[in-house]
Amino acid sequence: MLNRQNDWWRGAVIYQVYPRSFQDSNGDGVGDLPGITARLDHIASLGAEAVWISPFFKSPMADFGYDVSDYRDVDPMFGTLADFDALVARAHELNLKVLIDLVLSHSSDQHPWFAESRQSRDNPRADWYVWADPRPDGTPPNNWLSIFGGPAWQWDTRREQYYLHNFLVSQPDLNFHNPAVQDALLDVARFWLDRGVDGFRLDTVNFYVHDRLLRDNPPQPAGGHAAGVPANNPYARQRHLYDKTQPENLAFLSRLRALMDSYPGSVSIGEIGDDLQYPTLAAYTRGNEHLHMAYVFPLLTENCDPGYVRAVLADYLEEASDGYACWSLGNHDVPRVVSRWSSLGGSPSARARLVLSFLMSLPGAVCLYQGEELGLPESEVPFELLQDPYGKTMWPDYKGRDGCRTPMAWTSAPDGGFGAGAPWLPIDPAHLDLAVERQEEGDTVLAFYRDFIAWRQQQDALRLGTLRLLAPHEQVLAFVREHEGRALLCAFNLSDRPANYTVAEAGRLEVAAAPGFAGRVVDNRIELPPLQACFAWIGRPQGE
């Protein structure tokens, strides 16, 4: 039996806001907390239960807020703590939960903790970061690599040691083997919970703990590459056995969960990037001891072939069905799904509707990334306007993450209604025709999102049910969601050609009244036009 107050997150729709690009309230070209507050009604109108806000803490912004220099304050770029309090209050008035992005695996090198740690080998915070002596020849202590390119070790002349950075050189990794570090980070979580937040999205949650022995990572097997990074990144060539996903990580997550359980209804979502993604998701989310839910990366690729997508779900069922997943098809780190899945064919509008219906049919919670409800395509940002350090390093084969981070289009005016100042990234002219004000009326992607999410909220089979895959098909992905004896068949034509799918299920099929789709049932055959879905009750419809 679900406790609706504390278990609100099961099957929830969570909307991700990237603050720099959502709404600029003061004309400086950068989105901010008052801007988010002003647009919370839009998020609530979609039917979302929660908003996840990417980092807004004090930061030198080398990685746009994912390099924190003060965990307990708002960067002036985004506003003040009072602005944050006002945001939380308004969100709660709208029955929206507020989840904030906690970046615990590393800080900025401008954080006072690191400034003290690097001063000497014997100061009170000397062991708060991961320091290691060089090899006899002066080279780094092992072969670990940074996701952003090059070795994961940076020489420090004061200590005459290397420090670990899994990301930018300016993002030193905290040492979770030190209990004092864990205590300090739990105090950070407590600070924000006391301020009224409803939980956390935990950045790089499996990176917290490293191998004490600093053993070399082995190479990937022939033909393999690490998940969650482009194949042309050297990081992809290692099996990341020792630089992350260590067993001691679970002990810290248990401490975090115990803290969160003392704030009823608060939740945690972990971002897991690992070679064994689903086994790690299961280990981190099964039961009630660690994370509430987590997400992984297999659906954040360009591959949208029905066979591939079915294999992803089969892996989930085999390896993680006793865990709890939070699914997404986009976020601030990957190209927008309408463009990334362009191989589906058809119009961007048709793709946007199909992928939303598929996402909303998966078991667990779901995350929507800002602008997906408009069907926004990926933006092309020229190199001279590029801001992302990842893209600058890997250009031109990998253009970074700026293409999905351009400002939201609220109106069709030249500034998109984003703000009066020159925006930190260029506003995509193609987005203006898809602006919120242009989609408020008529048969639009935005209207479809609102209608379909409202319909899903009424379907316990989709929000809470189990998943059972049906037979593979070269065009169609089909599965059954079942809850308390009611079974809903979900079929998606992932192609731009008509498709027929025969269902080998006993009992009659009756089309469910899902908004926006034209799939038909003839006996036990589903007829699907291109890029269309069909939902049908097996045996008897809900409510009979």
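## About the model

The model is predicted: local features need pLDDT of at least 70, side-chain atom pairs count only at pLDDT 80 or more, and totals for chains, interfaces and linings use all residues. Residues are numbered from 1 along each chain as its sequence is written, and side-chain values use heavy atoms, with hydrogens and water left out.

Helices (H or I, at least four residues) and strands (E, at least two) are DSSP runs, numbered from the N terminus.

## Arg401

Arg401 sits in the loop between α11 (389–394) and α12 (429–432). Its relative accessible area is 7%, so Arg401 is buried. Buried means under 20% relative accessible area, exposed over 50%, and partly exposed in between (1.4 Å probe, protein chains only).

Which side chains make polar contacts with the side chain of Arg401? One is that of Asp333, at 3.1 Å. Another is that of Asp388, at 2.7 Å. A polar contact is a pair of N or O atoms within 3.5 Å; within protein, one must be able to donate a hydrogen and the other to accept it, and residues adjacent in sequence count only if both atoms are side-chain atoms.

Contact in general means heavy atoms within 4.5 Å. Leaving aside neighbours within four places in sequence, Arg401 is in contact with Asp63, Phe148, His332, Asp333, Asp388 and Tyr390.

## Helices α5 and α6

Helix α5 (residues 179–194) packs with helix α6 (residues 248–261) at an angle of about 30°, and their axes are 11 Å apart. Axes are lines fitted to C-alpha atoms, for helices over the stretch in contact, and angles run from 0 to 180 degrees between N-to-C directions. α5 and α6 are therefore roughly parallel to each other. Angles under 35 degrees count as roughly parallel, over 145 as roughly antiparallel, 65 to 115 as roughly perpendicular and the rest as oblique.

From α5, the residues Pro179, Gln182, Asp183, Leu186, Ala189, Arg190 and Leu193 meet Phe252, Arg255, Leu256, Leu259 and Met260 of α6. By class, this contact of α5 with α6 has eight nonpolar, one polar and three charged residues. Ala, Val, Leu, Ile, Met, Phe, Trp, Tyr, Cys and Pro count as nonpolar; Asp, Glu, Lys and Arg count as charged; the others, Gly among them, count as polar.

## Helices α10 and α14

Helix α10 (residues 348–359) and helix α14 (residues 445–457) pack at about 15°, with axes 10 Å apart. That makes α10 and α14 roughly parallel to each other. α10 contributes Ser349, Ala352, Arg353, Leu356 and Ser357 to the contact, and α14 contributes Val445, Phe448, Tyr449 and Phe452. The contact of α10 with α14 divides into six nonpolar residues, two polar and one charged.

## Backbone spots

Trp395 and Pro396 are joined by a cis peptide bond, with omega about 0°. Pro396 lies in the loop between α11 and α12.

Met61 is not a glycine, yet its phi is positive, at about 65°. Met61 lies in the loop between β3 (57–58) and β4 (70–74). Is Met61 buried or exposed? Met61 is buried, with a relative accessible area of 12%. Asn95, also a residue other than glycine, has a positive phi near 65°. Asn95 is in the loop between α3 (81–93) and β5 (97–102). With a relative accessible area of 65%, Asn95 is exposed.

## Gly27

Gly27 is found in the loop between β1 (13–17) and α1 (33–38). Gly27 counts as partly exposed because its relative accessibility is 32%. Gly27 and Ala422 are 395 residues apart in sequence but 7.8 Å apart in space, C-alpha to C-alpha. Not counting residues up to four places away in sequence, Gly27 touches Ala420 and Gly421.
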